[in-house]
Amino acid sequence: MKKKDGYILDSTYPIFFYKELTPLWLNSAIKFLGFKTPNISEKFLYLELACATGINLIVNAINNPNGHFVGVDFNQKHIEIAKQNANEIGLKNIEFISCDFATFFDKNKRKFDFIVNHGTFSWVSPDVQKNILDIVSSSLKDFGVFYLHYMCYPASATLLPIQKLFNIVDSSIDEPSSKSVEIAKSLFDDLNIAGAFVDNPKIDSIVKTLNQSSEYLAHEFLTDFWNPLYSVDVHKMVYENTRTTFLGSANIVENIENISIPAKLQEIVKGIKAPDLKEYLKDLARNSKQRVDIFQKKPQIFSNNEHIEVINKLKFTLLPNAPKKGAITFNTLIGDIEAPKEVISPMLESLTKKDMSFKELLEFDSFKNNPLFLIETIFLMMNANYLHIISSIEQNISDDLTTRFDELMKKNGVNLKIHSKCCTAINSL
């Protein structure tokens with residue numbers, strides 16, 4: 001069978017690790033937003049819907065021995081690879097289930113502290129979207145976290161005619177998905193050379209997208225349901241079906257307008273009081289292509305003093321590829337943001353010598369009496385993979401499991417290593 005419910009089955013999704021799916025990252029983002037989080041230093045349950053070959057779950061299971069991790073995917077080949085890799089590493093706190101979401105909804109009796117879904121919601125039918133939300137509604141604990149990734153408007157609109165081209169080519173020939181992609185790419189190149197897209201201002205970006213692997217493009221473009229969504233519609237759909245509340249973005253820079261919205265548009269956005277309209281204006285201002293939204297069931301907000309105390313205790317470490325001194329230019333969707341040497345260098349030089357808490361970082365002259373400026377700087381550094389929050393459970397993580405994971409990734413030619421201090425994985429140098 002080549003497709004089921006309009007989605008391809010004959011191609012394996014490539015290995016991609018997303019730091020935003022880790023419990024520590026999600027909890028950190030939520031704490032900065034001012035809300036309490038599930039306690040990941042104690043036992044917790046974590047579910048990934050559409051886990052593919054399970055790389056995110058495997059990283060999380062290694063780094064969170066207190067958690068139990070469940071992955072669901074309807075592609076049997078994905079689950080076979082995931083199980084094989086987990087068994088080779090020797091993981092005990094992980095399980096993979098091969099079934100569709102409707103079946104999982106009917107059979108599952110467990111409640112989860114985290115439910116995540118990445119790379120699926122905009123690529124499946126409305127019925128499958130409803131299955132995802134039904135699972136969240138019935139299986140997410142009170143106070144639990146729901147992460148949802150989806151394509152959104154306005155920027156995804158430029159890909160609509162390209163996806164349609166790939167889908168029609170695939171529907172017109174009796175070939176494997178990878179072959180359909182190659183034929184569609186060749187046809188696109190011919191059309192582009194002949195000037196079919198001369199008026200498309202995003203054509204260079206589209207060409208860059210099409211340079212990715214055939215396996216990725218098959219999953220990206222060959223579905224019969226390819227539907228970018230408006231964030232306001234998603235938020236309404238999620239709330240009506242799950243009664244979870246939208247908190248903010250797992251892409252932490254998007255939670256601060258000063259570093260995610262062009263300066264001329266900030267005043268317009270700030271002047272809007274209606275939450276739905278404001279969120280949509282942010283998408284317009286950022287020309288958003290995708291979103292990684294965080295929702296929570298029955299969220300609990302910190303008091304002002306509690307919030308200050310929690311943030312002050314967060315500790316940070318420099319990641320291996322971070323600059324050690326000097327100025328930094330952060331490349332963002334709204335353009336380059338400059339961090340002058342006199343602002344950022346003292347922070348970098350101190351962090352090269354020791355890990356530091358938020359409270360300690362506030363002592364630098366650049367940040368005294370200006371915690372928001374420090375938060376903006378931290379978010380930009382975390383977004384650039386220069387800085388990360390430190391886990392409080394590093395001492396419980398198995399060195400043997402970490403070593404086996406690193407060896408498995410090396411054997412498979414994947415540039416990824418466990419970084420236990422931060423309960424994540426990073427590109428190996």
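Met-347 touches Leu-361, Phe-364, Phe-367, Leu-374, Thr-377, Ile-378, Met-381 and Leu-387, leaving aside residues up to four places away in sequence; contact here means heavy atoms within 4.5 Å. This is a predicted model, in which local features need pLDDT of at least 70 and side-chain atom pairs count only at pLDDT 80 or more, while totals for chains, interfaces and linings use all residues. Residues are numbered from 1 along each chain as its sequence is written, and side-chain values use heavy atoms, with hydrogens and water left out.

**Nonpolar cores**

- Met-347 belongs to the largest nonpolar core, which has 79 residues; Phe-316, Met-347, Ile-378 and Phe-405 touch the most other members.
- For the cut-offs, a nonpolar core is a set of buried Ala, Val, Leu, Ile, Met, Phe, Trp, Tyr and Cys residues joined through side-chain atoms within 4.5 Å. Buried means under 20% relative accessible area, exposed over 50%, and partly exposed in between (1.4 Å probe, protein chains only).
- Helices (H or I, at least four residues) and strands (E, at least two) are DSSP runs, numbered from the N terminus.

**Helix α17**

- Leu-401, Thr-402, Phe-405, Asp-406, Leu-408 and Met-409 are the buried residues of α17. Seen down the helix axis, they fall within an arc of 160°, so they line one face; the arc is that of the directions from the axis to the C-beta atoms.
- On the other side of α17, Asp-399, Asp-400, Glu-407, Lys-410 and Lys-411 are exposed.
- The cover over the buried residues of α17 includes α2 (55-63), α3 (76-89) and β15 (417-419).
- At the start of α17, a side-chain oxygen of Ser-398 gets to within 3.3 Å of the backbone nitrogen of Asp-400. Just after the helix, Gly-413 takes a positive phi of about 70°.

- Thr-424 sits in strand β16 (residues 424-426) and is buried, with a relative accessible area of 2%.
- Thr-424 and Leu-24 are 400 residues apart in sequence, yet 8.3 Å apart in space, C-alpha to C-alpha.
- Gln-129, in helix α5 (residues 126-139), is buried at 6% relative accessible area. Not counting residues up to four places away in sequence, Gln-129 touches Phe-121, Ser-122, Val-124, Leu-229 and Met-237.

**Salt bridges**

- A search of the whole structure turns up 19 salt bridges, each a side-chain nitrogen of Lys or Arg within 4 Å of a carboxyl oxygen of Asp or Glu.
- Asp-113 and Lys-141 pair up at 3.2 Å, N to O. Asp-113 is in strand β6 (residues 112-117) and Lys-141 in strand β7 (residues 140-151), so the pair ties together parts 28 residues apart in sequence.
- Asp-113 counts as buried at 11%, whereas Lys-141 is partly exposed at 31%.
- Arg-291 has a salt bridge with Asp-283 (2.8 Å, N to O) and another with Asp-293, where the closest N and O atoms are 3.1 Å apart.
- Arg-291 and Asp-283 are both buried, and Asp-293 is buried too, at 1% relative accessible area.
- Glu-257, Lys-278, Glu-279, Lys-282, Asp-283, Arg-291 and Asp-293 are linked in a salt-bridge network.

Notes: A polar contact is a pair of N or O atoms within 3.5 Å; within protein, one must be able to donate a hydrogen and the other to accept it, and residues adjacent in sequence count only if both atoms are side-chain atoms.
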